Amino acid sequence: MSAYMLVIAEIENLEEFRDYAVAAADLIEKFGGEYIVRGAKEAVTLEGDWSEEKKVVVSRWPSIEAAQEFWNSPEYAEVKKLRLGKAKVVVRLMSGV
């Protein structure tokens with residue numbers, strides 16, 4: 001069953017954050033994930049407060065185990081360091097329908 005990783009990131013330094021985004025994208029593909037939503041050019045808040053600094057990324061994975069393999073890999077541990085101090089993130093992994 002497919003799994004989805006939802007990331008909500010409040011980016012504090014967009015220019016420096018890009019290094020992380022590029023490196024993470026390469027690893028996501030390597031581990032079998034694919035982006036569903038990434039850096040949407042058009043987004044509309046229908047309810048509540050949502051600052052422009054807050055971005056959503058959704059990736060689809062073959063399984064929860066595949067996503068966890070990516071997340072817990074030594075390669076991602078190194079890439080993750082690139083976003084420290086550049087964004088506050090919340091990450092949720094869930095199974096699909």
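Which elements each supply at least two residues of the lining of the largest pocket? In this predicted model, the elements that do so are the strands β1, β2 (34–38), β3 and β4 together with the helices α1 and α2. Among these contributors, α1 gives the most, with eight residues in the lining. Divided by class, the lining comprises 24 nonpolar, four polar and eight charged residues.

Helix α2, which spans residues 64–71, has Ala66, Ala67 and Phe70 as buried residues. Viewed down the axis of α2, these buried residues fall within an arc of 100°, and they therefore line one face of the helix. An α-helix has 3.6 residues a turn, so residues three or four places apart point the same way. The face of α2 turned away from the buried side carries Glu65 and Glu69, both of which are exposed. On the buried side, the residues of α2 pack against the strands β1 (3–11), β3 (54–61) and β4 (87–95), as well as against the helices α1 (14–30) and α3 (74–80).

Phe70 also belongs to the largest nonpolar core, a set of 17 residues in which Met5, Tyr20, Leu27, Trp61, Phe70, Tyr76 and Val79 have the most contacts. Two or more residues of this core come from each of β1, α1, α2 and α3. When neighbours within four places in sequence are left aside, Val79 is in contact with Tyr20, Ala23, Ala24 and Leu27.

Notes: Residues numbered from 1 in each chain as written. Predicted model: local features only at pLDDT ≥ 70, side-chain atom pairs only at ≥ 80, totals over all residues. Heavy atoms only, no water. Buried < 20%, exposed > 50% of the residue type's maximum accessible area, 1.4 Å probe, protein only. Helix = DSSP H or I, 4+ residues; strand = E, 2+ residues; numbered from the N terminus. Arc of directions from axis to C-beta. Contact = heavy atoms within 4.5 Å. Nonpolar A, V, L, I, M, F, W, Y, C, P; charged D, E, K, R; others polar. Core = buried A, V, L, I, M, F, W, Y, C linked by side-chain atoms within 4.5 Å.
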